[in-house]
Amino acid sequence: MTSHGIRNIVVLTGAGVSAESGVATFRGPDGLWEGHRVEDVATPQAFARDPALVHAFYDARRAKLGTIGPNAAHEALARLDCEWPGKLLLVTQNVDDLHERAGSKRLLHMHGELKRGWCLECDDRFEWDGVMGEGAVCPACATPGRVRPDIVWFGEMPYEMERIDEALQRCDLFVSIGTSGAVYPAAGFVQTARYCGARTLELNLEPSLASFLFDESRTGRAGELVPVWVEELLSGAHSAHSSPMSR
């Protein structure tokens with residue numbers, strides 16, 4: 001894919017980007033997430049029913065972040081963020097911090113972040129590292145026992161949907177990386193981008209449920225596909241910028 005005519009880019013990343021770093025994909029072939037039913041650890045009802053279990057689950061996920069690091073896909077996207085001259089919005093469904101640690105700045109976590117907390121007493125959101133647990137005290141209002149992970153659970157609205165929709169409507173290229181194409185609203189992003197005239201590209205380990213909606217679909221490991229695509233895009237942009245014939 002060349003960068004001719006491309007100025008504004010929206011990139012969506014999913015579990016397939018972080019899998020090569022050792023982060024478990026959201027649902028395994030057995031339907032479980034790290035040994036738990038999604039209904040038991042990723043819904044508001046689960047938190048109300050058994051907050052200790054939910055906290056233990058996310059405390060373990062948070063702790064694991066200290067044992068892993070960004071992979072080649074994260075690093076390539078950070079390079080794109082640094083070098084792309086047009087507008088770029090990297091939207092991730094992942095709750096880990098690997099994009100940040102690789103250096104991405106133009107980034108939005110639509111499903112929240114493991115290393116953030118949300119106080120249900122005062123509605124403040126804040127950075128959080130280490131164990132949270134049932135007795136966590138809000139740093140803003142000092143209320144104990146009302147802090148939950150700042151994660152978007154099933155049944156809750158993803159963050160900054162209006163900003164994402166605006167970016168999709170004005171982008172020239174939409175790229176989906178490592179996502180199943182099965183979970184809405186993210187699964188509908190390609191349709192919005194196509195309707196507004198953008199070119200669309202999918203990079204995934206295997207064809208997704210939405211592959212037929214993309215202009216181009218490449219299959220393979222994100223750590224191999226993403227650096228190649230970013231190099232193609234940036235090489236085209238740099239040559240276009242330096243050539244007087246392109247103006």
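Modeller: R125 is partly exposed, at 30% relative accessibility (partly exposed lies between buried, under 20% relative accessible area, and exposed, over 50%, with a 1.4 Å probe and protein chains only). The model is predicted, so local features need pLDDT of at least 70 and side-chain atom pairs pLDDT 80 or more, while totals for chains, interfaces and linings use all residues. Side-chain values use heavy atoms, without hydrogens and water, and residues are numbered from 1 along each chain as its sequence is written.

R125 forms a salt bridge with D150, at 3.1 Å from N to O (a side-chain nitrogen of Lys or Arg within 4 Å of a carboxyl oxygen of Asp or Glu). This pair links distant parts of the chain, 25 residues apart: R125 lies in strand β7 (125-127) and D150 in strand β8 (147-151). Strands are DSSP runs of E with at least two residues, helices runs of H or I with at least four, numbered from the N terminus. D150 counts as buried because its relative accessibility is 3%.

Elsewhere, salt bridges with shared partners join D97, R101, K115 and D129 into one network. Within it, D97 and R101 meet at 3.0 Å, N to O. D97 is buried at 12% relative accessibility, whereas R101 is partly exposed at 38%.

A further salt bridge joins R221 and E20, with the closest N and O atoms 3.5 Å apart. These two residues are 201 residues apart: R221 sits in the loop between β11 (216-219) and α9 (222-242), and E20 in the loop between α1 (15-18) and β2 (32-33). R221 is partly exposed at 43%, and E20 is partly exposed at 29%. The structure holds 19 salt bridges.
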